[in-house]
Amino acid sequence: MGVSHGSSVEKIAFIVEHTNKVHHATFAVAGVSFLVIMFFRELKRRMEPRYPNVVFVPDRFVVVVVSAILCWYYRWDKIGVDILGDVKSATGNLFAFRWPFTLSHMRHIRSAMSTSFLIALLGFFESSVAAKSLGNSSVPGMELSANREMIALGVANVIGSCFMSLPAFGGYGRSKVNKTTGGKTPMSSIILSFITLMSVLFFLPYFHFLPKPVLCSMISVVAWSLIEEAPHDIRFFIKIRGWTELGLMSIIFLATIFYSLTLGMALGVGISLLLVIKHSTRPRIQILGRIPGTQLFENAEADPHSLEFIEGCLIVKIPEPLTFANTGELKARLRRLELYGTPSAHPALPRLRSQEANRNIIFDIHGVTSIDGSGTQVLEEIVRSYRDRGVRVFFSRLPGGKNHPVWRLMVSSGIVDLCGESHFVKNVEDALLQTEYEESINDARSTTAGTPTEQ
């Protein structure tokens, strides 16, 4: 028993000592590679203003070649350093064509849909960030189109899927490397793709002894270049009091550090989508007041004391297209404008505006450049509710006139019949004149009806 126990302890000690040696060797290779790459990176950055051609010095390629030679000569793989090894295709052919749209693959749609959706979403955000951060500064004189970029990437991924390729997007890391190495035109990406293809076809066996810690150090250098921009962004958001963005950054950072990269990305995408949905579903309607002595109207909530309100009229501006997303609260906000004169008042407050103050509702719809079916339905219900209560409804500044799709939707939905075509006017001032004219007619009719008939 004593001999067995002693041999077990010796085995454990040997395993621990061997593991420590492997860790030390891996750390040493990765650390030295990282320091060498960073040294040449900073050296090239300082020398570039005086010697612009220094950006073409392939320092990282030299690091890869030298590390592979040293690993082969000193057999670092024998002491536990992971190497690239043999990279072979499962079928023996690197570019075997496989048609992905076959019946045998249909059973994998349900399991692959969530993953593919997440990949596409993350790729979209990554491409957007790369375009926003580098954008036109990386290609002088060229105007980039996000729509064409997405179409090109989508076509490339569809074609690549026939050869079992990984999904590709406009990666920020690759774009950053391309910019730092002096790439000025899209031809740099074509040359890079050609070099990659030639390396896979002919030079891959020569990278058999390439240490994986060197590859890790190269990725770390790119990550370091991303982190370098973080302090500037954090200072900017603190300066403008962008607490929402800072909070989102903190949540993603903590989730990535203490849990996993997948959770961090999922939280970032999910919270960003929720913020976008919240922003798009909030109607931005305004109550307008007239600047004294003019025919100009401004947002009454911004400066209520310097504007004058028209008796018996509620002037409402809708400054955005109406869709199913932002018409959900339109009725509630209009009701608050009727009762309180502001959409931010609490609905439990007592009524502040009398019913006589809302005899005429004037909608300034110059910003409603488009409207979908759900928005048209809600608007028709709002107009019908006003008409049932005897409130006159006017629409001013219809975008595009009567040849616009918004007008055609209002005609086909019955909104024009409910209001009357004469209630669609050029501007708010014409709507006010129309209200005065119709009220004078009603007053005249009331006076005539109340006068005794002479015998």
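This section describes the fold, cores and selected contacts of a predicted model.

The protein chain has 455 residues, of which 29% are buried. Its secondary structure comprises 16 helices and 6 strands. The chain exposes about 29900 Å² of surface. Carbon and sulfur atoms supply 65% of that area.

In soluble globular proteins, nonpolar side chains tend to be buried together. The largest nonpolar core of this model holds 32 residues. Seven names stand out within it: L334, F363, Y386, F395, M410, I415 and F424 touch the most other members. Helix α13 gives the largest share, 5 residues.

L334 illustrates how such a core member is placed. Neighbours within four places in sequence were set aside. L334 then contacts I285, V316, F363, I382 and Y386. Two of these partners, F363 and Y386, are listed with L334 among the residues that touch the most other core members. A second core is separate and has 11 residues. Its members include L288, I310, I315 and L432.

Elsewhere, two helices pack against each other. Helix α9 spans residues 230-239, and helix α10 spans residues 243-258. Their axes come within 8 Å and cross at roughly 140°. Helix α9 brings I234, F237 and I238 to the contact. Helix α10 brings E245, L246 and M249. By class, the contact has 5 nonpolar residues, 1 charged residue and no polar ones.

Helix α1 covers residues 2-47 and contains S33. Is S33 buried or exposed? The relative accessible area of S33 is 7%, under the 20% cut-off, so S33 counts as buried. Beyond residues up to four places away in sequence, S33 touches V63, V214 and S217.

Two cysteines were also examined. C162 has a relative accessible area of 8% and is therefore buried. C419 is buried too, because its relative accessibility is 7%. A disulfide is a covalent bond between the sulfur atoms of two cysteines. How many disulfides does a search of the whole structure find? The search finds 0.

Technical notes
Residues numbered from 1 in each chain as written. Predicted model: local features only at pLDDT ≥ 70, side-chain atom pairs only at ≥ 80, totals over all residues. Heavy atoms only, no water. Axes fitted to C-alpha atoms, helices over the stretch in contact; angles between N-to-C directions. Helix = DSSP H or I, 4+ residues; strand = E, 2+ residues; numbered from the N terminus. Contact = heavy atoms within 4.5 Å. Nonpolar A, V, L, I, M, F, W, Y, C, P; charged D, E, K, R; others polar. Disulfide = S-S within 2.5 Å. Buried < 20%, exposed > 50% of the residue type's maximum accessible area, 1.4 Å probe, protein only. Core = buried A, V, L, I, M, F, W, Y, C linked by side-chain atoms within 4.5 Å. Areas by Shrake-Rupley, 256 points an atom, 1.4 Å probe, with all protein chains shown as cover.
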